[in-house]
Amino acid sequence: MGLIDRVNARLAPAQLGEAEKQPRPTIALLREGVKEFLPMEELAHIMGENPDRAKNELRLACRQAMMNSAWDYVEAPIRESLVNELIDMVFGLGPIDALLDDESITEIMVNGTQSVYYERDGRLFRSSLRFETDDEVRVLIDRIIGPLGRRIDEASPMVNARLPQGHRVHAIIPPLSLIGPVVTIRAFARRTFSLQQMAEMGSFGKPEMKFFRWAILARKNIAVSGGTGSGKTTLLNALSLHIPGSERIITIEDSAELRFLEHPHVVRLEARPRNAEGTGEVTIRELVINALRMRPDRIIVGECRGGEAIDMLQAMSTGHDGSLTTLHANAPLEVVDRLVTMVRYALDLPVDAIEAQIGNAFDLIIQTSRASDGSRYVSEIASLVFDRDIRRCHIATLYQRDGAREKGSWLAVPSWIDGLEERGIAQIGEVAAWKHSIA
């Protein structure tokens, strides 16, 4: 080997080593460089005002960041790919976009940089997707809440929001979270299940399906109760499909989840939290009071959880029959206790006076449950009556089912069933046939 060859042999590995010493091009490296030219807080603000301008500003900041010598050895196609990936991450929802596109997934949980979990068919699975840094999760949060005029920081480290497609989002950051920013997204179904479809899935049987339809047409006030993720909203949507199209419905929700895609006359109201300045809050109770002035045939409160309970009970007792609501409770008996507590948030009334309101307002409680395998089913149907002798609300179990794989049984039938044929709700002989089927 000649002298020149030996020199070149020595130089080539050295030059190659310089390239190998450079940081591997990643989204994290690009984002760190971009921060020097365009802070994420400023980008979120621009996104809220002008998304197109925000994309241009981010692309320009990427070009400036890539003028650093660390990017000298990165080829142009890779640079462009990383820029587009960062833009998709900032203006989309990053690694979880694929999970949100999957209609079978009902919940997504981002536990900082440690893990991402999702729920499918009521069961939890760990995703192979993950966020590389806490900043990536913060960008995700800012992307969600920025256009809504909301903020999250150490002074206000928790936030609730809603994605444009209706998914509910909760975020909490340090110092309250010890593992970094945590995001939980409840992804609601794109379509509404009917009572028929729920019966086919095993949530209840055909006799129960017919009973629910009769209850809606007979304008019975119904509370759907159950634990988190037990299918309350799904059942409420299915029940609402049987409300006649000639009636005016007003829905009131903390975060809009109900879907009325086929009913022609629905007015949807959504509560509003405080803004960044701590003002502008509109509560569910205020919306319930205003809904009474909007000529509703039926009022549907997405979830009753506070002082609005007293106004809802009064509405149901004064001409707005056939109204619906959901609430968290493990059994129908707990529904009464919870409603008493909620009413006392607003007014200091005697317990017996509150229970009298509950007994007069609600006709039925439908209890939903979730089995260990993730399947959801109706576990109990109960009626309410206020007993004036003992001044308490009496709950009578009509139907009971002990598990998703068990067959339910009817223990009693409410008296209003016998008047359905006279009112034209059921056909002649249909009630007798139904009673025979549940005997």
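**A working chat on a predicted model**

Student: Where is the place of Pro175?

Tutor: Pro175 sits in the loop that runs between strand 5 (168-172) and strand 6 (182-186). Please keep in mind that this is a predicted model.

Student: Which residue does a cis peptide bond join to Pro175?

Tutor: The partner is Pro174. The omega angle of the cis peptide bond between Pro174 and Pro175 is about 10 degrees.

Student: Let us look at other loops. What is phi of Asp121?

Tutor: Phi of Asp121 is near 55 degrees, which is a positive value in a residue other than glycine. Asp121 belongs to the loop between strand 2 (115-120) and strand 3 (123-126).

Student: Is Asp121 buried or exposed?

Tutor: Asp121 counts as exposed, because its relative accessibility is 55% and the cut-off for exposed is over 50%.

Student: And what about phi of Arg391?

Tutor: Arg391 also has a positive phi, near 60 degrees, and is likewise a residue other than glycine. Arg391 is located in the loop between strand 13 and strand 14. With a relative accessible area of 33%, Arg391 is partly exposed.

Student: New topic, helix 2. At roughly what angle do the axes of helix 2 and helix 5 cross?

Tutor: The axes of helix 2 (residues 27-35) and helix 5 (residues 76-91) cross at roughly 75 degrees and come within 10 Å. That angle makes helix 2 roughly perpendicular to helix 5.

Student: Which residues of the two helices meet?

Tutor: From helix 2 there are Ile27, Leu30, Arg31 and Val34, and they meet Leu82, Val83, Glu85, Leu86 and Met89 of helix 5. Seven residues of this contact are nonpolar, none is polar and two are charged.

Student: How do the axes of helix 2 and helix 4 cross?

Tutor: The axes of helix 2 and helix 4 (residues 51-65) come within 8 Å, and the crossing angle is roughly 100 degrees. Helix 2 and helix 4 are therefore roughly perpendicular to each other. Here Leu30, Gly33 and Val34 of helix 2 meet Leu58, Ala61, Cys62 and Ala65 of helix 4. This contact of helix 2 with helix 4 has six nonpolar residues, one polar and no charged.

Student: Where does Glu36 lie?

Tutor: Glu36 is in the loop between helix 2 and helix 3 (40-49). Glu36 counts as exposed, at 67% relative accessibility. The C-alpha atoms of Glu36 and Ala61 are 8.5 Å apart, while the two residues are 25 residues apart in sequence.

Student: Which residues does Phe211 touch?

Tutor: Not counting residues up to four places away in sequence, Phe211 touches Leu364, Ile381, Leu398, Trp410, Pro414, Trp416, Ile417 and Trp434.

Student: Which residues of helix 15 are buried?

Tutor: Glu430, Val431, Trp434 and Ile438 are the buried residues of helix 15. Seen down the helix axis, they fall within an arc of 95 degrees, so they line one face of helix 15. These buried residues pack against helix 9 and strand 15 (409-410).

Student: And which residues are buried in helix 11?

Tutor: In helix 11 (residues 284-291), the buried residues are Ile284, Leu287, Val288 and Ala291. They cover an arc of only 100 degrees around the axis, which puts them on the same side of helix 11. Their packing partners are strand 8 (249-253), strand 9 (266-270), strand 10 (298-301) and helix 12 (308-317).

Student: One last residue. Where is Gly226 found?

Tutor: Gly226 is part of strand 7. Gly226 counts as buried, because its relative accessibility is 0%. Its C-alpha atom is separated by 6.0 Å from that of Ser369, a residue 143 residues apart along the chain.

Student: With which residues is Gly226 in contact, leaving aside neighbours within four places in sequence?

Tutor: Gly226 is then in contact with Lys232, Leu327, His328, Ala329, Gln367 and Thr368.

Definitions and conventions
Residues numbered from 1 in each chain as written. Predicted model: local features only at pLDDT ≥ 70, side-chain atom pairs only at ≥ 80, totals over all residues. Heavy atoms only, no water. Buried < 20%, exposed > 50% of the residue type's maximum accessible area, 1.4 Å probe, protein only. Helix = DSSP H or I, 4+ residues; strand = E, 2+ residues; numbered from the N terminus. Arc of directions from axis to C-beta. Contact = heavy atoms within 4.5 Å. Axes fitted to C-alpha atoms, helices over the stretch in contact; angles between N-to-C directions. Parallel < 35°, antiparallel > 145°, perpendicular 65-115°, else oblique. Nonpolar A, V, L, I, M, F, W, Y, C, P; charged D, E, K, R; others polar.
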